[in-house]
Amino acid sequence: MNELETFRQEVADWLQANRPPTPDFLLPESFMEVGTDPQFHYLRDWQRKVYQAGYLGMTWPTAYGGGGRPQAFQDIATAEMARLKVPFFPNTIGLFWAGPLILAIGTEEQKRRFIPGILSGDDIWCQGFSEPDQGSDLANAQTRAVRDGDDYVINGAKIWTSLGSHAKYMILLARTDPQPAPGRPKAADAPSGGRAPQSGDLGGSRSKRYAGLSYFLIPMQVPGISTTPIRKLTGEFGFTQTFFDNARVPASCLMGKEGEGWAIAMKTLTFERGASGGQAGGLTRMALGIGDVIELARRSRRNGRPAIDDPFIRDQLVRFQIEAQGDRLCNERGRFPALCSERPDAIPLSNKLRLSEHNRRLYQFALTLQGANGARWVGDAHAVDGGLWPRSYLNAFASTIGGGPSQIQANIVGERVLGLPKD
Ligand SMILES: Cc1cc2nc3c(=O)[nH]c(=O)nc-3n(C[C@H](O)[C@H](O)[C@H](O)COP(=O)(O)OP(=O)(O)OC[C@H]3O[C@@H](n4cnc5c(N)ncnc54)[C@H](O)[C@@H]3O)c2cc1C
């Protein structure tokens with residue numbers, strides 16, 4: 001066995017020996033549905049345990065608590081977590097986008113202060129981008145941050161703050177200059193429509209239209225910041241509306257310079273959407289996959305026979321499987337620039353759109369296999385698999401909206417990959 005195969009066996013053995021027992025409450029499917037304290041503590045304890053065992057943040061620098069090892073090791077550890085269907089880590093925003101962002105452009109002080117807590121799960125992060133009137137139209141954020149001596153005073157409201165109830169820190173986009181330029185930016189003005197990544201560069205901050213926005217790494221437990229949980233269409237909780245009422249944070253919370261917020265937000269989105277690498281690893285969700293749907297098709301009946309015998313069902317399953325395999329191979333291919341030279345942005349910029357829409361269609365298909373029973377919800381004794389499928393279907397919309405809706409992602413692909421005109 002070579003070194004990587006030996007490592008794979010080591011991780012698999014560790015995960016099997018240490019996976020937490022199934023709790024007596026329903027676990028959320030992803031970090032976006034962590035709604036109760038028992039769910040949160042169960043998942044955070046698991047993250048801490050995996051980190052302490054050395055299987056999380058394996059590529060991050062050792063100076064900040066990471067493992068300092070090659071990417072291949074983290075990839076194997078994450079793949080084994082998926083294969084063995086262990087729980088996900090709740091600190092997704094920290095591990096997958098705030099952390100890589102801080103490592104990429106943060107100061108030495110910010111790295112030393114924030115990275116260890118992100119990995120251990122001691123410091124849960126949330127993201128304050130969307131506002132009640134500004135989602136895709138992110139450049140129009142109205143939450144104000146006003147410099148006052150050694151502090152900034154923040155007023156306004158953010159919404160759909162995943163993990164808002166449990167977070168210790170927030171990445172915040174706020175307006176430090178109320179009148180950045182004539183003709184306030186609108187979604188239609190923003191490159192590729194609102195939440196569009198700018199190839200990860202910071203040059204976008206030079207555009208005067210975005211110069212009024214600044215980026216902060218702020219503590220959540222300060223007077224003047226409060227959160228109100230929002231119930232989702234599944235009945236679960238997991239995100240909040242977050243209010244700022246003269247909340248005072250130290251000026252050292254500013255990331256970069258005043259006015260650079262838009263460019264830093266765009267860089268954040270490249271991590272969030274998987275367009276840039278450098279994430280800490282691990283799972284962000286515990287999802288039912290194509291294998292589960294095939295198994296469901298074996299158990300389901302159609303015209304008195306197993307559904308999987310139906311040629312139409314088989315055809316659909318094969319299509320889903322080809323797509324899933326294609327997505328997996330795309331990710332591999334994306335790591336080799338020589339294989340993507342024709343359209344280098346195609347894979348990273350289509351990543352979120354492909355994966356989130358695939359899952360939504362997959363769960364929709366799984367529900368059709370169940371006929372009318374697909375409407376039976378969690379807790380219904382007659383529901384297929386305890387009613388988890390309809391929950392997965394409804395939760396699948398979370399990923400097609402959060403981080404920028406599919407329509408926006410399609411705009412990005414159309415304009416930046418295919419070179420289509422904006423209008
Ligand atoms: C589960 C979940 C978790 C979330 N977590 C967070 C979080 O932690 N932090 C955070 O800041 N936000 C979060 N969000 C918010 C999310 O980023 C926004 O919902 C998203 O950016 C869309 O913004 P909006 O809701 O204001 O919709 P709108 O921007 O009002 O869009 C409404 C519809 O119009 C379409 N549309 C808008 N502009 C265009 C355009 N230019 N071209 C084509 N179509 C367009 C959209 O595609 C959409 O279908 C979360 C959302 C969800 C669902």
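1. In α11, the buried residues are I408, Q409, N411, I412 and R416, where buried means that 20 or more other C-beta atoms, placed from the backbone, lie within 10 Å of the residue's own. Viewed down the axis of α11, these buried residues fall within an arc of 155 degrees, so they line one face of the helix; the arc is that of the directions from the helix axis to the C-beta atoms. An α-helix has 3.6 residues a turn, so residues three or four places apart point the same way.

2. This is a predicted model, in which local features need pLDDT of at least 70 and side-chain atom pairs count only at pLDDT 80 or more, while totals for chains, interfaces and linings use all residues. Residues are numbered from 1 along each chain as its sequence is written.

3. Helix α11 covers residues 406–417 and, with 12 residues, reaches 15 Å from its first C-alpha to its last, close to the 16 Å expected at 1.5 Å a residue, the expected span being 1.5 Å times one less than the number of residues. Helices here are DSSP runs (H or I, at least four residues), as are strands (E, at least two), numbered from the N terminus. The buried residues of α11 pack against α9 (346–369), and just after α11, G419 takes a positive phi of about 70 degrees.

4. Y393 is found in helix α10 (residues 388–401) and is buried, with 21 other C-beta atoms within 10 Å. Leaving aside residues up to four places away in sequence, Y393 touches Y363, Q364 and L367, a contact being a pair of C-beta atoms, placed from the backbone, within 7 Å.

5. Of the 423 residues of the chain, 44% count as buried. The C-alpha atoms fill a box of roughly 75 × 50 × 50 Å, taken along the principal axes.

Terms used. Buried ≥ 20, exposed ≤ 12 C-beta atoms within 10 Å, placed from the backbone. Contact = placed C-beta atoms within 7 Å.
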